[in-house]
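Student: I'd like to learn how to read a few features off a model. Can we go through them one at a time?

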Amino acid sequence: MSSQAAAVIGIGQTKHKKKRDDVSLPGLVREAAQRALDDAELNWTDIDAVVLGKAPDPFEGVMMPELSMADALGANGKPMMRVHTAGSVGGSTALVATHLVQTGVHDRVLTVAYEKQAEGNAQWGLAGGRSGGMGAGGIFAPWMRTYINKSGAPEDIGWKVAVKDRQNACKNPYAHLHLPDISIEKVKESPMLWDPIHFLESCPSSDGAVAMVLTNEAGAKKAPRKPAWVLGTAMRSELGTFPGRDTVRPQAGVECAHMVFDAAGITNPREQIDIAELYVPFSWYEPMWLEGHDIAGPGEGWRMVEDGSTQITGDFPVNPSGGVLSSNPIGASGMLRFAEAALQVRGEAGEHQVADAHVGLAQAYGGAAQYFAMWVVGSSLDAVGARK
Amino acid sequence: MTDTKQPDSKQDEAVDPNAPITGMDYFMKLEYHELICPVVREFADALMEKRLIGHKCPKCSLIYSPPRGYCPICTVQTTKADEIEMQTRGIVTNYTVVTPVQYYGQEETEPFAKVSLQLDGGGNLSLQDLPGVPVEQVRSGMRVEIVWAPDGERHVDDVTNRSWGSAEGAIRGWKPTGEPDADPSEYSDKVF
């Protein structure tokens, strides 16, 4: 496949909160999209196509929202599509938009993802209305326990991730949870939701949206602000259940990581990546993905948490935005990772900016950890090369 | 068919009786009959005879229960010739204790456990119940045996094509055998 460079030239997000009752669903996506256009100094008429993503429709009970949102997103008369890959959808939506640019199909693509959880009941939606629903945490809890048992990680690793991400969120004005008093003590004393996951080790339920404008090299050169260049993309999936599946280190996650590293020319992710936004809805997923994506060796992921490497000032900052643990409009959560990584390499992350961030990794996963979407973005097309 | 009964899902928000109404819960219910595929039908028929069956892949030897009629890893078909009868005793390999966050239609009100099992002689089952076992006693390594629904009460009306979690009409759950717990080396890595 012939491919040309693609870059992010506009990023916008809403304030994420428990309930955005001041806006409708179209109002919510429009707010994020308008901010992305303003950031790129473009008008709605400059956009060639719109790619929308969200998690399952039962979460709000609004079926096929892409039909009624075409108006709000200025998509009438233009190509518009909706992407769905469960929780990873925000990531895969951004990648579909990127590929439309890289293949030369369109010059400027607007991509938007959202969830308005307060309008529905995600537990009910996930359970299909039936009794016995376990919630996502109930499915993932045994896998985290397996990780803990296999890696020998001390129990406070999960608490440390929960504290770190909430401290980071205090530096991000858009984050849903601002918990300045967060502490190890508070996390540990919070109710046990799904052993080993405490309430404060879990993501919130949020209303929010995020949008990006992607364009080609010519478009990026005309952009008013620094672009974030897409250096590599990858998507992978696998069966959600089969006997003997390695749920702690799903094969699709390993392959997706290697594919995106190869595409970006990364041979040593720990050294060559300056900042990572990983989909961590439950605290233990930070060390699990560090190992599951071969950023850390087996049993080394939790040590990166323990020694502070993943803090905003560490050598491998993870989720400086506060991550999914601080804002979780599910359909948007994956794209927020992608947008935050782009903000970092543009140097526009504000108070949660990581110093000298030139290469950023974003990852989203979904379903029973069976969908993966990743990109590597850089401050220049040669950002990885300059790192060597 | 609709039901507008209010679920108790927003107890963390104080309700101001004078506030304007900004939304209403409106739940839908859809009843339908699912056509059961032939291999799942055989599985259901066996449950009525108090037998637990699976298909063993002729290539990789993985055991699927309920059978799928194929091995998705090897992409080969499995047939009656690959059917095996599984033992109804095994080890709890992993578990989840769910504290229910009430949603409409949920019957559980107290914390409940779902366990994964590794059966003696091979085969794994997930999302199984341990009725009568206090959740704080649920642990990996427990040895358990099946509890069939009694004759006359046993049914397979709730068996669907969507794997486990729907055979409660035939299998009440599993009960501890009282034997010493298994060594972790016998079951670690077996989440499914």
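Tutor: Between chain B and chain A the count is zero. Some ground rules: this is a predicted model, where local features need pLDDT of at least 70, side-chain atom pairs count only at pLDDT 80 or more, and totals for chains, interfaces and linings use all residues. Residues are numbered from 1 along each chain as its sequence is written, chains are lettered from A and ligands numbered from 1 in the order in which they are written, and side-chain values use heavy atoms, leaving out hydrogens and water.

Student: How many residues of chain B are in contact with chain A?

Tutor: Contact means heavy atoms within 4.5 Å. By that rule, 34 residues of chain B touch 32 residues of chain A. Buried area is the accessible area (1.4 Å probe) that two parts lose on being put together, summed over both. Here that comes to about 2,800 Å², with carbon and sulfur atoms giving 56%.

Student: At what angle do helix 1 and helix 2 of chain A pack?

Tutor: Helices (H or I, at least four residues) and strands (E, at least two) are DSSP runs, numbered from the N terminus. Axes are lines fitted to C-alpha atoms, for helices over the stretch in contact, and angles run from 0 to 180 degrees between N-to-C directions. Helix 1 (residues 25-40) and helix 2 (residues 65-72) of chain A pack at about 55 degrees, axes 9 Å apart. That makes helix 1 of chain A oblique to helix 2 of chain A; under 35 degrees counts as roughly parallel, over 145 as roughly antiparallel, 65 to 115 as roughly perpendicular, and the rest as oblique. From helix 1 of chain A, the contact uses Leu25(A), Pro26(A), Val29(A) and Arg30(A), and from helix 2 of chain A, Met69(A), Asp71(A) and Ala72(A).

Student: Which peptide bonds are cis?

Tutor: One joins Asp195(A) and Pro196(A), with omega about 10 degrees. Pro196(A) lies in the loop between strand 5 (192-194) and strand 6 (197-198) of chain A. Another runs from Ser65(B) to Pro66(B), with omega near 0 degrees. Pro66(B) is in the loop between strand 4 (63-64) and strand 5 (70-71) of chain B.

Technical notes:
A salt bridge is a side-chain nitrogen of Lys or Arg within 4 Å of a carboxyl oxygen of Asp or Glu.
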